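Subject: Structure for you to look at

Hi there,

Here is the structure I promised to pass on. Have a look when you have a moment, and my notes follow below.

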Amino acid sequence: MAKNNIDRPEQPETNILVIRLSAMGDVAMTVPVLRTFRATYPDVKLTVLTRKFFEPMFSGIDNLEVYHADVDRKHKGILGLTRLFNELHTLRITAVADLHNVLRSNVLKTLFYMKGIETVQIDKGRAEKKALTRSQNKVFRQLKTTHQRYADVFETLGYPLDLNTHTVPKKQPLTPNILSLTQNSTKKWLGVAPFAQYESKTYPLELMVEVIEQLDQGDQFEIFLFGGGKRETDILNNISSKYNNVTNVAGKLPFVDELKLIGNLDAMLSMDSGNAHLAAMYGVPTITLWGVTHPYAGFMPFGQPIENAILPNLAKYDQIPTSIYGNKFPSDYDKVMHTIKPESVVQAINKL
């Protein structure tokens with residue numbers, strides 16, 4: 001007997017809202033995870049809630065939409081977040097992956113939960129990070145990476161990920177703006193990002209200049225300096241003016257072009273900061289310099305071996321890491337990065 005053709009309502013498309021509003025490095029760390037998700041579950045839509053400025057990071061990931069969070073104006077405060085929730089709710093969100101776990105994302109998570117939508121929030125491992133950074137009875141061990149913590153959220157939602165299967169995208173073509181800076185140089189392209197949010201994890205400028213000078217003298221590298229803001233731009237302009245193979249990128253390219261240049265580098269030298277994660281998400285070999293923070297906290301750039309992390313003298317400064325972000329340290333720990341010699345940095349770059 002033939003079955004009756006009964007019209008059934010169309011099943012809603014699975015659409016996972018991914019929340020990660022800031023900071024730049026943390027947003028960049030979501031990219032390899034979302035690429036892996038896309039390769040593993042190509043039919044599931046992802047809607048990433050983040051700041052408009054960060055949208056270019058997600059370029060090239062299929063079936064992914066970036067929704068802009070204007071938390072400084074339109075979506076500011078409880079009323080603004082309620083407005084944002086109402087906007088997002090029209091997108092037929094079926095689950096929420098909160099990769100941020102801050103007050104704003106908690107408000108949104110609660111509103112979605114009240115609508116019966118499954119929500120999972122990142123476990124930041126605050127207790128184990130506190131044990132890692134305390135001065136007494138420190139538990140000095142490698143913690144789960146932030147990338148894996150992001151992946152764990154999706155696994156809890158029913159979408160396990162194997163980050164070892166991640167595939168680096170092809171290099172993007174260079175724009176005329178980029179070519180005007182690079183001049184089609186056939187030397188090795190090295191990015192140098194000498195700044196970080198806190199001075200405690202910023203390599204002393206005079207030592208960084210020594211590194212740049214040694215690399216410039218070898219005439220093997222085209223060195224591109226990365227930074228942001230007037231103060232950093234002025235410093236980098238001053239440095240680049242003194243060397244033949246050094247170009248300041250800060251303030252000369254829109255962010256989308258800056259990312260394309262980073263993706264075409266042969267190597268990046270960075271602090272424990274956002275630029276390291278931007279380079280790593282394109283598979284660029286990345287040397288990182290560490291101050292009072294430490295890779296054990298889980299913020300090593302994606303896919304980079306621990307040998308690419310250059311650490312200060314831990315025997316002399318045995319309380320490292322003193323904090324997760326570099327904002328707390330003993331008064332006599334202000335010179336820790338002076339124990340990283342410029343020669344060792346140059347050697348690590350040449351080894352790559």
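Are phenylalanine 37 and tyrosine 41 buried or exposed? Both phenylalanine 37 and tyrosine 41 are buried. Please keep in mind as you read on that this is a predicted model.

Aromatic rings

The aromatic pairs number 11. In one of them, the ring centres of phenylalanine 37 and tyrosine 41 are 5.1 Å apart with their planes at 50 degrees, so this pair is tilted. Phe37 and Tyr41 also belong to one aromatic cluster together with Phe154 and Tyr159.

Another pair is made by phenylalanine 85 and phenylalanine 112. Here the centres are 4.8 Å apart and the planes are at 80 degrees, so the pair counts as edge-to-face. Phenylalanine 85 sits in helix H2 (residues 77-89) and phenylalanine 112 in helix H3 (residues 103-114), so the pair ties together parts that are 27 residues apart in sequence. Phenylalanine 85 has a relative accessible area of 5% and is buried; phenylalanine 112, at 0%, is buried as well.

In soluble globular proteins, nonpolar side chains tend to be buried together. In this model, the largest nonpolar core has 57 residues, and those with the most contacts inside it include Phe37 and Phe154 from the aromatic cluster, along with Ile16, Leu34, Met57, Phe58 and Phe226. Helix H1 (residues 24-40) gives this core its largest share, 7 residues. A second, separate core has 36 residues, among them Ala196, Leu215, Tyr333 and Ala348.

Which residues does leucine 34 touch, leaving aside its neighbours within four places in sequence? Leucine 34 is in contact with Val18, Leu46, Val48, Phe58, Ile61, Leu64 and Phe154, with those neighbours left aside.

A buried asparagine

Asparagine 264 lies in the loop between helix H9 (255-263) and strand S9 (267-271). Its relative accessible area is 16%, and because the cut-off for buried is under 20%, asparagine 264 counts as buried. What lies 3.0 Å from a polar atom of its side chain? That is the backbone oxygen of glutamine 172. Apart from neighbours within four places in sequence, asparagine 264 is in contact with Gln172, Lys171, Leu174 and Trp189.

Best wishes

Notes
Residues are numbered from 1 along each chain as its sequence is written. This is a predicted model: local features need pLDDT of at least 70, side-chain atom pairs count only at pLDDT 80 or more; totals for chains, interfaces and linings use all residues. Side-chain values use heavy atoms; hydrogens and water are left out. Helices (H or I, at least four residues) and strands (E, at least two) are DSSP runs, numbered from the N terminus. Buried means under 20% relative accessible area, exposed over 50%, partly exposed in between (1.4 Å probe, protein chains only). A polar contact is a pair of N or O atoms within 3.5 Å; within protein, one must be able to donate a hydrogen and the other to accept it, and residues adjacent in sequence count only if both atoms are side-chain atoms. Contact means heavy atoms within 4.5 Å. A nonpolar core is a set of buried Ala, Val, Leu, Ile, Met, Phe, Trp, Tyr and Cys residues joined through side-chain atoms within 4.5 Å. Rings of Phe, Tyr and Trp (its six-membered ring) pair if their centres lie within 6.5 Å; planes under 30 degrees apart count as stacked, over 60 as edge-to-face and the rest as tilted.
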